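Okay, everyone, thanks for coming.

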Amino acid sequence: MAAGSTWRTGSGARIAARAVLAGVIGAVVGVAAYAISQTGGQLLSVTVGALAGVAAVLGAHLYRRSAQLTEVQLSLAGNVLTFTANTDMRQAALRMFFQAATRVATRPLEDGTGNLREALTSLKNLFDLYREPIESGAAPPPPLRGDSVHEIVLDVLNFELAPFLSRWHPRLRDWEESEEGANGEAAWPENAVFRQELRELQLRLREYVIALGKIAGLRDPERHLRRSDRHTQDPANRPTSPIPGPQRSETGHDVSSSPPRGDAS
């Protein structure tokens, strides 16, 4: 899956559209004022004031809905998609980006670590979070031109999460309910295969999640998906303090005399 992006901001087109909108509103107010000018000064003042207030509110609303339009082109799964991102689309993309960026959908699960049942549950929760706005109608309406951010979500749901969950949920459940399942997930014969397919799923989801981050306007969405150096650095090569003294936690508390884990005292 190749991923690339081209950003274009149509500042000139936005200014022209706003000028046209302002002209139309002004013309409507002017025509209305002229039509009622024969009725007397007081009524004219009240009516024009009311129309001006309505026009200001509607204009501000339309501006907020369409402000800072940004066109984003992305290549996903061999398809070139074009997004005309407004405020609503960016907010939806940002919400979905962080929903995935903080879950096992994009976070590594090293061999011998984590819990496979919890990993499946996390993926199912992400599936529900992505599907709920679309089914409930809370998702932003499709743009007048270009692609919708929820087209990415539909691909994630239908082609990535749903097949993985339907494949592995019943298999793990059968193991857990079997007699051998009492030995734990480490003894599951398909443990290694599950983890490998999870890593492949994470690689595919990563491209979609990065695309969501770009639509949201994040400067470097990949940064939030990278592992920190302090977690990847070889312990043998980590720098040590040249000054001997008590070990301290990140908060600065002395932990060298802490009781061993499991000590109830």
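So, to start: over which residues does pLDDT stay under 50, and how many contacts beyond four places in sequence does the model have for them? That's residues 229-265, with 16 such contacts. For the terms, pLDDT is the predictor's confidence in each residue, from 0 to 100, and a contact means heavy atoms within 4.5 Å.

Ground rules, quickly. This is a predicted model, where local features need pLDDT of at least 70 and side-chain atom pairs count only at pLDDT 80 or more, while totals for chains, interfaces and linings use all residues. Residues are numbered from 1 along each chain as its sequence is written, and side-chain values use heavy atoms, with hydrogens and water left out.

The mean pLDDT of the protein chain is 74, and 58% of its residues reach 70 or more. Where pLDDT is low, the predicted coordinates should not be read in detail.

Now the layout. We have seven helices and three strands, taken as DSSP runs numbered from the N terminus (H or I, at least four residues, for helices; E, at least two, for strands). In sequence order the pattern goes β-α-α-β-β-α-α-α-α-α. Among contacts with a separation of 6 or more, 65% are between residues 24 or more positions apart. Of the 265 residues, 29% are buried, meaning under 20% relative accessible area with a 1.4 Å probe, protein chains only; over 50% is exposed, and partly exposed is in between.

Strands next. β2 and β3 pair in the antiparallel sense over seven bridges; pairing needs at least two bridges found by DSSP. L74, for one, has L81 in β3 as its bridge partner. Five of the seven residues of β2 are buried.

On to the core. Which residues have the most contacts inside the largest nonpolar core? They are L123, Y130, I152 and I215, in a core of 48 residues. By nonpolar core I mean buried Ala, Val, Leu, Ile, Met, Phe, Trp, Tyr and Cys residues joined through side-chain atoms within 4.5 Å. β2, β3, α3, α4, α5 and α6 each supply at least two of its residues.

Have a look at α4. Its buried residues include L116, L123, L126 and Y130, and what covers the buried set includes α3, α5 and α6. L123 touches, among others, V104, L161, F164 and L198. From α3, Q99 touches L126, L129 and Y130. Is Q99 buried or exposed? Buried, because its relative accessible area is 17%.

R90 and A216 are 126 residues apart in sequence, but their C-alpha atoms are 4.1 Å apart.

That takes us to α6, residues 191-216. With 26 residues at 1.5 Å a residue, α6 should span 38 Å, and its end C-alpha atoms are 36 Å apart, which agrees; the expected span is 1.5 Å times one less than the number of residues. There's a kink of about 25° centred on L205, where the bend is the angle between axes fitted to the seven residues ending there and the seven starting there. Just after α6, G217 takes a positive phi of about 95°.
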